[in-house]
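Hi,

Here is the structure I promised to pass on.

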Amino acid sequence: MKAQLKLQIAGLFGLMAFIATSPTMAAGDAAAGKAKAQVCFACHGVNGAGPANPVWPKLAGQHAKYTAKQLADFKKGETRKDPAMAGQVASLSAADMANLGAFFAEQTPKAGGAAKDKVALGERIYRGGNEKSGVAACAGCHSPTGAGNPAANFPRLSGQNAAYTLKTLSDFAKGTRSNDNGSMMRTIAERMTDAEKSAVASYIEGLH
Ligand code: HEC
Ligand code: HEC
């Protein structure tokens with residue numbers, strides 16, 4: 001009951017953050033995005049389906065607005081920084097970002113798989129969190145299937161490479177990635193043990 005209430009409050013908070021920051025983003029044009037996306041395939045795989053290096057993210061199937069927001073955040077270079085992405089976003093306009101978001105949202109990612117020995121702990125954290133340490137259930141915002149919540153700009157997680165998810169959770173925990181409105185991810189990641197982060201990252205790769 002208590003956990004349920006906390007989730008509802010968290011969801012409401014996310015929605016408020018979304019309303020406060022996102023209404024200026026226009027819907028993108030996927031065909032225009034496709035032309036701009038060719039250079040991205042070298043690192044993110046053809047159509048963003050899956051990169052050669054699992055510490056890099058899949059982009060295929062991600063919500064358009066979330067992708068556009070990440071590109072804008074990389075370009076500002078304050079709350080999300082990456083040396084490989086900095087050069088990619090320097091010349092992109094807001095319209096380019098929206099178009100790229102629309103293109104990748106329409107693509108299909110390669111399926112992944114979870115490590116058998118990590119499923120039990122990973123699933124427990126994903127669905128129920130850890131009440132003792134105050135880790136909120138991932139499913140509350142990212143949905144039970146990992147589909148995310150496009151209206152609230154909660155990203156899709158299902159099938160994402162475990163190595164990338166683990167790196168990202170560690171970046172949130174250290175605060176080197178701080179582009180989560182209201183510290184929604186930082187407060188969660190900093191309370192997770194290394195074993196929990198690793199298990200949930202593996203579980204997410206197998207989630208669909
Ligand atoms: C030289 C390699 C490289 C190229 C080329 C590249 N990226 Fe990336 N991209 C990365 C890496 C590495 C990351 C992960 C950064 C991190 O760890 O936070 C990333 C992250 C991203 C993310 C964040 C994904 C998420 O789930 O939060 C988006 C969106 C993205 N790239 C879009 C693009 C687009 C669009 C292009 C083409 C215009 C592109 N990238 C080209 C290496 C590259
Ligand atoms: C209160 C809502 C909320 C909860 C609960 C939550 N998240 Fe998130 N998560 C977010 C938001 C919002 C973002 C996007 C931040 C941004 O705009 O870049 C995010 C982003 C992420 C990302 C980055 C995705 C990417 O492609 O880079 C990962 C990974 C993630 N969450 C994992 C988790 C895990 C694992 C849990 C459970 C332990 C969890 N989240 C619980 C709201 C939440």
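Let's start with ligand 1: helix α4 gives the largest share of the shell around it, five residues. Keep in mind as you click around that this is a predicted model.

There are 21 residues around ligand 1, and those that come nearest are C40, C43, H44, M85 and K167. By class, that shell has 14 nonpolar residues, four polar ones and three charged ones.

- K167: a side-chain N or O atom is 2.6 Å from a ligand oxygen.
- R80: a side-chain N or O atom is 2.8 Å from a ligand oxygen.
- Y164: a polar side-chain atom is 3.2 Å from a ligand oxygen.

If you want to colour the shell by element, the ones that give two or more residues to it are α3 (41-44), α4 (64-76), α5 (83-89), α6 (94-105) and α9 (162-174).

Now for ligand 2, which has an iron atom. Which protein atoms are the donors of that iron? They are NE2 of H142 and SD of M185, lying 2.0 to 2.2 Å from the iron atom. The arrangement is octahedral because the six donor atoms around the iron subtend angles of 86 to 179°. For six octahedral donors, the ideal angles are 90 or 180 degrees.

H142 sits in helix α8 (residues 139-142) and M185 in the loop between α9 and α10 (186-189), so the pair ties together parts that are 43 residues apart in sequence. Both H142 and M185 are buried.

Cheers

Key: Residues are numbered from 1 along each chain as its sequence is written. Chains are lettered from A and ligands numbered from 1 in the order in which they are written. This is a predicted model: local features need pLDDT of at least 70, side-chain atom pairs count only at pLDDT 80 or more; totals for chains, interfaces and linings use all residues. Side-chain values use heavy atoms; hydrogens and water are left out. A residue is near a molecule or strand if one of its heavy atoms lies within 4 Å of it. A polar contact is a pair of N or O atoms within 3.5 Å; within protein, one must be able to donate a hydrogen and the other to accept it, and residues adjacent in sequence count only if both atoms are side-chain atoms. Helices (H or I, at least four residues) and strands (E, at least two) are DSSP runs, numbered from the N terminus. Ala, Val, Leu, Ile, Met, Phe, Trp, Tyr, Cys and Pro count as nonpolar, Asp, Glu, Lys and Arg as charged, and the others, Gly among them, as polar. Donors are N, O and S atoms within 2.8 Å of the metal (3.2 Å for Na, K and Ca); water is not among the atoms, so sites may look incomplete. Four donors count as tetrahedral if all angles lie between 85 and 135 degrees; four count as square planar and six as octahedral if opposite donors are over 155 degrees apart and all others between 65 and 115; anything else is irregular. Buried means under 20% relative accessible area, exposed over 50%, partly exposed in between (1.4 Å probe, protein chains only).
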